Amino acid sequence: MAINLRIIYEERRSRAIIEKVNQCMTDNVGRLFAVIHILGKQYRVVAQDIILIERNWPPNVNDKLIFEKVLLVGGSSFTLIGKPVLPKNIVEVFGTIVHKDLTHTKIRYFNIPKERVHNLNFVREELTYIRINDIKVYPKLNVLENVEYLRK
Amino acid sequence: MSNKCLLIPSGFPRLPLKNGIGRVVCQLKRITIKFCKSSGSSQGVRNFIELDLLDFTNNNPEVVIYLKPRRHHSPVVISEYLNGERHYMNFHNFTRDNTNKWLNFLRTRVGIKTIRFRKLQHTELPSIQGVWSPFTNKSPELNITSFPNEKFLQPKHLPESATERLRKMFERQKLKESEEMKMNNKSIEVQQ
């Protein structure tokens with residue numbers, strides 16, 4: 001009996017918190033920040049940010065992207081943490097690719113001391129500039145359709 | 001190791017004219033292609049001009065292209081950008097595909113000089129919820145207390161000692177005994 005009471009109490013508490021966060025997301029969201037995952041790296045991002053990616057990456061200039069691997073979103077009054085990624089119907093991060101270039105010539109030198117093994121390479125990698133346009137948050141926290149892993 | 005270089009100037013990533021916040025503006029202003037009409041080193045460039053140049057111009061109407069035939073010179077491409085930067089590139093013995101690729105590379109550039117980046121990110125707003133300090137989300141109890149205080153002298157999580165546990169057991173036992181005594185007394189009263 002005592003365990004059931006505790007479960008009911010926790011449910012009620014969590015529902016109250018969810019309602020409060022939903023209200024925070026609807027009322028005046030203000031500036032948002034997010035942590036997004038691109039090519040194995042995580043970036044903390046605000047609207048109008050610039051991100052550089054030093055790798056061969058197919059998207060070209062003027063392409064518009066939606067980043068769906070959002071690990072965390074936050075405003076001035078709330079934060080949502082994904083486990084590990086937030087569902088798509090809650091957050092979306094938009095960005096455009098502005099500029100593609102090559103980096104400066106990097107020196108890649110490899111040697112094993114006391115043995116005649118050495119390798120010298122000069123490398124210029126591809127550089128991609130991403131501009132983050134917008135972070136959008138949808139107040140759908142209590143609506144858990146098609147999301148199985150959140151509640152079991 | 002690879003990012004350390006003494007001779008190349010270093011800096012932080014910026015973009016000219018807030019490019020990309022609204023629409024993306026092509027920063028390439030004009031391209032001048034110098035080539036030879038007869039020599040073999042500009043064969044690929046000539047093929048490009050014959051077959052691909054009109055497509056290139058149709059796809060990029062904001063770029064002006066000049067063609068300058070120069071006798072017995074290797075082909076050269078000079079690109080000029082909106083920020084006034086000039087980029088010179090030699091196309092000696094380039095194939096048609098190669099010229100296409102490198103002209104597209106010049107098109108996608110913004111005209112920033114190549115520098116070594118100290119950071120791969122730029123933000124105008126480094127913090128939104130406020131910068132963290134050791135006193136954030138802490139109770140302001142520390143501000144009121146006067147030191148030395150016994151509560152704060154103790155370690156935070158002290159494990160229970162054996163004597164303490166014994167004392168507690170003894171107290172529990174005493175409670176039990178007293179309850180039993182009460183029960184016995186009650187039963188005696190009822191019997192009477």
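Which residues does Val93(A) touch, not counting residues up to four places away in sequence? The list is Ala34(A), Ile36(A), Val45(A), Leu65(A), Ile66(A), Phe67(A), Val70(A), Ile132(A), Asp134(A) and Ile135(A), where touching, or contact, means heavy atoms within 4.5 Å.

Before going on, a word on the ground rules: this is a predicted model, in which local features need pLDDT of at least 70 and side-chain atom pairs count only at pLDDT 80 or more, while totals for chains, interfaces and linings use all residues. Residues are numbered from 1 along each chain as its sequence is written, chains are lettered from A and ligands numbered from 1 in the order in which they are written, and side-chain values use heavy atoms, with hydrogens and water left out.

Back to Val93(A), then. Along with Ile36(A), Ile38(A), Ile51(A) and Ile130(A), Val93(A) is one of the residues with the most contacts inside the largest nonpolar core, which has 26 residues. (A nonpolar core is a set of buried Ala, Val, Leu, Ile, Met, Phe, Trp, Tyr and Cys residues joined through side-chain atoms within 4.5 Å; buried means under 20% relative accessible area, exposed over 50%, and partly exposed in between, with a 1.4 Å probe and protein chains only.) Several elements of chain A each supply at least two residues of this core, among them helix 1 (2–26), strand 1 (33–38) and strand 7. Helices (H or I, at least four residues) and strands (E, at least two) are DSSP runs, numbered from the N terminus. Strand 10 of chain A gives the largest share of the core, with four residues. There is also a second, separate core of 19 residues, including Leu28(B), Phe35(B), Tyr81(B) and Phe94(B).

Now look at where the two chains meet. Here 39 residues of chain A are in contact with 32 residues of chain B. The buried area, meaning the accessible area (1.4 Å probe) that two parts lose on being put together, summed over both, is about 3,100 Å² between these chains, and carbon and sulfur atoms give 61% of that. On chain A's side, Ile50(A), His104(A) and Arg131(A) supply 20% of the area that chain A buries against chain B, more than any other three residues.

What about charges? The interface has one salt bridge, that is, a side-chain nitrogen of Lys or Arg within 4 Å of a carboxyl oxygen of Asp or Glu. The side chains of Arg109(B) and Asp101(A) meet in a salt bridge, at 3.3 Å from N to O. Strand 7 of chain A gives the most to the side of chain A that touches chain B, with seven residues.

Most residues other than glycine have a negative phi, and most peptide bonds are trans. Lys83(A) to Pro84(A) is a cis peptide bond, with omega near -10 degrees, and Pro84(A) sits in the loop between strand 6 (79–81) and strand 7 (91–102). In chain B, a cis bond joins Phe147(B) and Pro148(B), with omega about 0 degrees; Pro148(B) is in the loop between helix 4 (141–144) and helix 5 (150–153).

Leu17(B) is not a glycine, yet has a positive phi of about 60 degrees. This leucine, Leu17(B), is exposed, with a relative accessible area of 73%. His72(B) has a positive phi of about 55 degrees and lies in the loop between strand 3 (64–69) and strand 4 (76–81) of chain B.
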